[in-house]
Amino acid sequence: MAEAGKRRAAAIAKAVATAALALSLAACGVFDKKPAGGGESPASPGTTATAPDDGPPAKSDVPTVRLITTQTPVVRAYRKIGARHIYTKYAQRIYKGKIPPLVYAVVVVETDIDANGKVTGVTFSRIPSHAPEVPPMIEELIKAASPLPSPGKLGGHTYIDTWLWDKSGKFQLDSLTQGQRSR
C-alpha cells in the first residue's frame, strides 16, 4: 500500500514539473521587445502599408511579440558560424586563452538576422547593472560585422549568444569560449 502511494506521489510530482516546464516555455515570448535602436516598427499607427499586387496579401494577424528561434542543433551550429565571423572581424579584440574567474561583464545578446545574414536587430536579455557601457559597445560591434554568413535554409531568425567581456575591452563568445580559469 505504501509503495502505491509513493508511485502516485511520484506521478503527481512528474505531472506538476511537466506543467511548470510547459508554462515557462510558453511564457518565453510573452513580452514585446522594442528594437535596440529605439525605432518604431514599419507598421506604426498613423501609417498605411500596401502590399504589392504580385505578392501575397498582407497578414493582419502578424504577432506583435518578437519570438526567439528555438535553439535547435541547426541554430546552435549557426551561432558558432556567426561567432567565428565576429572573431575573424575583431581578431585583436578576442581574449586569448581562458577567461578570468571574475569576468567584468556577462551580456546575453539576442541577434536578429534576415535570410541573407544581415543583422536586423540586437536586443539584450541580460545587461550588467555595473557595466552599462558594455551593451552599446557590443551592439555596435555586431552591427559593424553585418552581414553575418548566410543562414541558408535556416532563413531569418533570432539567436542568442553570451558575451564574456573583460575589463580590457577584449571578449569571448560563449559559443566559442575556451573556458574559465579557476584562479
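User: Is W165 buried or exposed?

Analyst: W165 counts as buried, because its relative accessibility is 3%; buried here means under 20% relative accessible area, exposed over 50%, and partly exposed in between, with a 1.4 Å probe and protein chains only. Please keep in mind that this is a predicted model, in which local features need pLDDT of at least 70 and side-chain atom pairs count only at pLDDT 80 or more, while totals for chains, interfaces and linings use all residues. Residues are numbered from 1 along each chain as its sequence is written, and side-chain values use heavy atoms, with hydrogens and water left out.

User: Which aromatic cluster is W165 in?

Analyst: W165 forms one aromatic cluster with W163 and F171. W165 and F171 are a stacked pair, 5.8 Å centre to centre with 10 degrees between the planes, whereas W163 and F171 are tilted, at 4.7 Å and 35 degrees. Rings of Phe, Tyr and Trp (its six-membered ring) pair if their centres lie within 6.5 Å, and planes under 30 degrees apart count as stacked, over 60 as edge-to-face and the rest as tilted.

User: And how buried is F171?

Analyst: F171 counts as buried because its relative accessibility is 0%.

User: Which residues touch the most other members of the largest nonpolar core?

Analyst: They are I86, I138, W163 and F171, in a core of 26 residues; a nonpolar core is a set of buried Ala, Val, Leu, Ile, Met, Phe, Trp, Tyr and Cys residues joined through side-chain atoms within 4.5 Å. The largest share, 5 residues, comes from α2. Helices (H or I, at least four residues) and strands (E, at least two) are DSSP runs, numbered from the N terminus.

User: What does I138 touch?

Analyst: Leaving aside neighbours within four places in sequence, I138 is in contact (heavy atoms within 4.5 Å) with V107, V109, F124, W163 and W165.

User: Switching to the sheet, what is the strand order?

Analyst: It is an open sheet of 4 strands in the order β2-β1-β3-β4, with antiparallel pairing, where two strands pair if DSSP finds at least two bridges between them. β2 and β4 stand at the edges with a single partner strand each, so one side of each is left without a neighbour in the sheet. The twist averages 30 degrees from one strand to the next; axes are lines fitted to C-alpha atoms, for helices over the stretch in contact, and angles run from 0 to 180 degrees between N-to-C directions.

User: How many bridges join β1 to β3?

Analyst: There are 9 bridges between these antiparallel strands, and among the bridge partners in β3 are T162 for V108 and W163 for V107.

User: Last one, what are the polar contacts of the Q172 side chain?

Analyst: Q172, in strand β4, counts as buried because its relative accessibility is 1%. A polar atom of its side chain lies 2.8 Å from the backbone oxygen of Y95, and its side chain also makes a polar contact with the side chain of T177 at 2.6 Å. A polar contact is a pair of N or O atoms within 3.5 Å; within protein, one must be able to donate a hydrogen and the other to accept it, and residues adjacent in sequence count only if both atoms are side-chain atoms.
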